[in-house]
Amino acid sequence: MPPSTTDLDRYVMHLNHALAMEAALVDHLEKRAAAVHQPELKQRLLAHRDESVQHRNALHDIVTSLRAEPTTAAASVQPPVATGLAGRVLAALQSEAEDRLLDDSLADYALEQYEAALYGALTQIARNLGYGAHAGRFEAIRQQERAMAEFLATHQPAIVREAFPPEAQAA
Ligand SMILES: [Fe+2]
């Protein structure tokens with residue numbers, strides 16, 4: 001039995017949200033690659049930008065195949081934690097470029113984990129609605145998001161070391 005119109009509309013809405021997110025991330029990752037210093041991280045961010053282009057195109061094609069309108073909007077990429085009073089203190093501290101790089105790298109990690117969760121959900125939704133081919137594509141994307149998150153986690157000590165280089169033995 002094909003999915004009901006309502007379920008299909010809701011599926012398309014989630015696909016378009018993901019599409020708007022990927023569209024924003026392509027630019028975001030390019031900016032992040034320009035901001036970081038370590039060559040290995042820079043290269044990995046650019047490689048993931050290329051993967052994100054593919055993710056964006058896959059979502060666009062899937063929405064089109066459902067005879068729906070792919071969104072042309074780009075989401076805005078925001079830090080994962082809202083700034084309150086503590087945020088203002090942090091913002092003052094972040095006048096140091098190294099602190100900003102550290103903070104942004106934590107946000108990058110959160111973002112990739114969010115994406116992995118999102119594609120996990122899309123995989124399940126697609127499967128439940130009977131779109132097995134979509135599910136296979138989303139599962140492949142989910143694995144790329146996870147791999148990126150794992151890379152960032154592995155790389156985190158290098159970012160911290162840059163922000164807070166080890167002192168000579170403290171007295
Ligand atoms: Fe990603």
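The crossing of α1 and α4 is left-handed. It belongs to a predicted model in which the protein has five helices and zero strands.

**Packing of α1 with α4**

- The axes of α1 and α4 cross at roughly 155 degrees and come within 11 Å.
- That angle makes α1 roughly antiparallel to α4, since an angle over 145 degrees is counted in this way.
- On the α1 side, the contact is made by Asp 7, Tyr 11, His 14, Ala 18, Arg 32 and Ala 35.
- On the α4 side, the contributors are Leu 101, Asp 104, Asp 108, Leu 118, Leu 122, Ile 125 and Leu 129.
- By class, the residues of the contact of α1 with α4 comprise eight nonpolar, one polar and four charged.

**Packing of α4 with α5**

- Helix α4 spans residues 97-129 and helix α5 spans residues 132-163; the two pack at an angle of about 165 degrees, with axes 8 Å apart.
- The helices α4 and α5 are therefore roughly antiparallel to each other.
- The crossing of α4 and α5 is left-handed.
- The contact of α4 with α5 contains 17 nonpolar, seven polar and 11 charged residues.

**Packing of α2 with α5**

- The axes of α2 and α5 come within 11 Å, and the crossing angle is roughly 160 degrees.
- It follows that α2 and α5 are roughly antiparallel to each other.
- The crossing of α2 and α5 is left-handed.
- Helix α2 contributes Leu 41, Arg 44, His 48, Glu 51, His 55, Ala 58 and Ile 62 to the contact.
- Helix α5 contributes His 134, Arg 137, Ile 141, Gln 144, Met 148, Phe 151 and His 155.
- The contact of α2 with α5 divides into six nonpolar, five polar and three charged residues.

**Largest nonpolar core**

- The largest nonpolar core has 22 residues, of which Leu 15, Ala 18, Leu 19, Leu 59, Tyr 119, Leu 122 and Phe 138 touch the most other members.
- Two or more residues of this core come from each of α1 (5-35), α2 (39-65), α4 and α5.
- Helix α1 supplies the largest share of this core, eight residues.
- Leu 122 touches His 14, Ala 18 and Phe 138, when residues up to four places away in sequence are not counted.
- Leu 122 and Ala 18 also take part in the contact between α1 and α4.

**Ala 121 in α4**

- Ala 121 is found in helix α4.
- Ala 121 counts as partly exposed because it has 14 C-beta neighbours inside 10 Å, whereas a buried residue would need 20 or more.
- The C-alpha atoms of Ala 121 and Phe 138 are 9.0 Å apart in space, while the two residues are 17 apart in sequence.

**Overall fold**

- From the N terminus on, the elements run α-α-α-α-α.
- Of the 171 residues of the protein, 23% count as buried.
- Among contacts between residues at least 6 apart in sequence, 74% join residues at least 24 apart.

Terms used: Residues are numbered from 1 along each chain as its sequence is written. This is a predicted model: local features need pLDDT of at least 70, side-chain atom pairs count only at pLDDT 80 or more; totals for chains, interfaces and linings use all residues. Axes are lines fitted to C-alpha atoms, for helices over the stretch in contact, and angles run from 0 to 180 degrees between N-to-C directions. Helices (H or I, at least four residues) and strands (E, at least two) are DSSP runs, numbered from the N terminus. Angles under 35 degrees count as roughly parallel, over 145 as roughly antiparallel, 65 to 115 as roughly perpendicular and the rest as oblique. A crossing is left-handed if the near helix is turned anticlockwise from the far one by less than a right angle, and right-handed if clockwise. Ala, Val, Leu, Ile, Met, Phe, Trp, Tyr, Cys and Pro count as nonpolar, Asp, Glu, Lys and Arg as charged, and the others, Gly among them, as polar. A nonpolar core is a set of buried Ala, Val, Leu, Ile, Met, Phe, Trp, Tyr and Cys residues joined through C-beta atoms within 7 Å. A residue is buried if 20 or more other C-beta atoms lie within 10 Å of its own, exposed if 12 or fewer, and partly exposed in between; C-beta atoms are placed from the backbone. Two residues are in contact if their C-beta atoms, placed from the backbone, lie within 7 Å.
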